[in-house]
Amino acid sequence: MTKNSLTRRDFMRVGAGAAAAGVAAKVTILEPLRLWASPRPVPPSDTVRFAIIGTGVEGCTLLNATLPVSGVECVAAADLYDSRHIAAKEALGGKEIETTREYRRLLERKDVDAIICATPDHWHRRIVVEAAQAGKDVYCEKPMSHSVEDGLAMIEAVQKNNRICQIGSQRVSSILYAKAKEIWDSGKLGMVDTIEAAWDRNTDSGAWVYPVPPDAGTQTIDWDTWLDGAPKIPFDPIRFFRWRCYRDYGAGLAGDLFVHLLSGIHFVTGTNQPAQRALSTGGLYHYKDGREFPDLLWTMYDYPNFQVVLRCNHNNNTEGEFFGFYGKTGTMIIRGSTLTYKPQASCHQPEDYSIYGWPKKLRDEYLAKWTKEHPEPKPGDFKIDEDSEVFTPPPNYSDMSDHLANFFHAVRTRQPVVENDVFGSYTAIGCHMSNSSYFNRTVVVWDAAAKKIRSA
Ligand SMILES: NC(=O)c1ccc[n+]([C@@H]2O[C@H](COP(=O)([O-])OP(=O)(O)OC[C@H]3O[C@@H](n4cnc5c(N)ncnc54)[C@H](O)[C@@H]3O)[C@@H](O)[C@H]2O)c1
């Protein structure tokens, strides 16, 4: 049987089975943008010199991801934990740079064009505001803000000082998400009323149970400065290394993972506002280690044209990182690094359910009339290869290098970044709405006029 010999109804039957079995899909390996790999050496006068504040897990990952980016140079790093000065240099392949506990020394350096801020969330506001006031462009890690007010203050400082600001949800620069946006913008999905996304992990590391290094102590860590405006308490290495578990410094599952999901959804759908309404539920089922956040969190959000349902679960990882965009004429799924587009069956079908409450005579007449009015399409009038399409980046693709490159390109050219401070604040507000709803056990709304989250 050739594909063109299928009747329309055969196609619907076989096509659906084939798609369910994962066959009949055209797989495309996406072409990297290579924004970061300049074809020519960048002259020293065009080199962007940057310094980094916070060289823990993410700071070191970012430093390493800058290595393939042309025309950038890290000249200094600040961290409150001395061992992380060594880790920063190692992440740069052993490069000698200035290291210090005092981040303000980096802001004072005239040869520093830009700052990367990779501290815990409770420090983002102060560093971004001071960096902008010092005339530096800033790449600030996600979630941009630790509160709605922090985000507003950061936007004001960035805009008043005419700075470039990129927030660090690197999927916004991913070629996979660019393809998803292309499919969304093409209208192939039709009207989409439901978007769901999940980020499930089922390991202690995934639940932030990070080990404490043996040299951690008040001799090696400036604990009082680290606390900043948070309540003063004696040195607690658990809080220092597992800060995501505590509300004074982090935002739990929402701030760590929902922000990536919301950034992906806002980017793909071109959303330029926070959700209007949110309702969360969840619970702390397994990690009863004194943490203040749940290990299972669900939030349902209302946007003007669709609903979003997010889930993060620390106790099962079957779904991993997942997005589903459900449209009237197509479905788009992102599972890890694989994007699948599948058309919804669009052929007309005779009613085959409710007519079984009709007498046989009426039923037969109805079916005869329907068949007359809907002749079979000729073979070849439809194509089975319109079935699923699958897209994936090449092996070792780094959206983080692309995201950093996008920032440094903007610093050099003053062109807009892909994820600016306003975008970052909107997705962070979504995280704050999620937590607000969870902790207050109420539906919350975003009051755009008052720029506040309030109970519905
Ligand atoms: N984009 C991503 O995929 C991604 C992944 C992980 C973390 N993050 C984000 O990166 C940020 C850092 O996370 P992490 O896991 O690296 O945390 P971490 O605790 O491993 O590292 C943070 C470092 O910041 C330092 N620090 C804090 N305040 C400082 C100050 N005032 N001056 C100098 N150094 C200071 C701390 O000493 C610490 O070493 C968070 O906002 C987090 O949400 C983003």
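Trainee: At what angle does helix 2, residues 57–66, run to strand 2?

Mentor: This is a predicted model, in which local features need pLDDT of at least 70, side-chain atom pairs count only at pLDDT 80 or more, and totals for chains, interfaces and linings use all residues. Residues are numbered from 1 along each chain as its sequence is written, and side-chain values use heavy atoms, with hydrogens and water left out. Helix 2 lies across strand 2, strand 3 (72–78), strand 5 and strand 6 (137–140); helices (H or I, at least four residues) and strands (E, at least two) are DSSP runs numbered from the N terminus. With axes fitted to C-alpha atoms, for helices over the stretch in contact, and angles running from 0 to 180 degrees between N-to-C directions, the angle to strand 2 is about 165°.

Trainee: In what order do the six strands of the open parallel sheet stand?

Mentor: Pairing requires that DSSP find at least two bridges between two strands. The edge strands are strand 4 (98–100) and strand 7 (165–167), each of which pairs on one side only, and the twist averages 20° from one strand to the next. The order is 4-3-2-5-6-7.

Trainee: Which residue of strand 5 is the bridge partner of I53?

Mentor: Strand 2 (residues 48–53) and strand 5 (residues 114–117) run parallel and are joined by four bridges. The partner of I53 in strand 5 is C117.

Trainee: What is the relative accessible area of Y139?

Mentor: Y139 is found in strand 6. Its contacts (heavy atoms within 4.5 Å), leaving aside neighbours within four places in sequence, include L62, I115, C117, H403 and F407. Buried means under 20% relative accessible area, exposed over 50% and partly exposed in between, with a 1.4 Å probe and protein chains only. Y139 is therefore buried, its relative accessible area being 0%.

Trainee: Is S169 buried or exposed?

Mentor: S169 lies in the loop between strand 7 and helix 7. Not counting residues up to four places away in sequence, S169 touches K142, V259, H260, S263, H403 and E419. At a relative accessible area of 1%, S169 is buried.

Trainee: Which residue of strand 15 stands opposite V27?

Mentor: Strand 1 runs parallel to strand 15 (residues 389–392), and four bridges join them. The residue opposite V27 is V390.

Trainee: In which sense do strand 8 and strand 12 pair?

Mentor: Strands of a sheet pair through backbone hydrogen bonds, either parallel or antiparallel. Strand 8 is joined to strand 11 (residues 307–313) by five bridges in a parallel run, and V308 of strand 11 is the bridge partner of I195. On the strand 12 side, V192 has G327 as its bridge partner. Over seven bridges, the pairing of strand 8 with strand 12 is antiparallel.

Trainee: How far apart in space are L189 and K328, C-alpha to C-alpha?

Mentor: L189 is found in the loop between helix 7 and strand 8, and counts as buried at 1% relative accessibility. Among the residues that L189 touches are I183, W184, F325, K328 and Y341. L189 and K328 are 139 residues apart in sequence, and their C-alpha distance is 6.3 Å.

Trainee: What percentage of the residues in the chain is buried?

Mentor: The chain has 13 helices and 17 strands, and its C-alpha atoms fill a box of roughly 90 × 55 × 45 Å along the principal axes. Among contacts between residues at least 6 apart in sequence, 72% join residues at least 24 apart. Of the 456 residues in the chain, the buried part is 52%.
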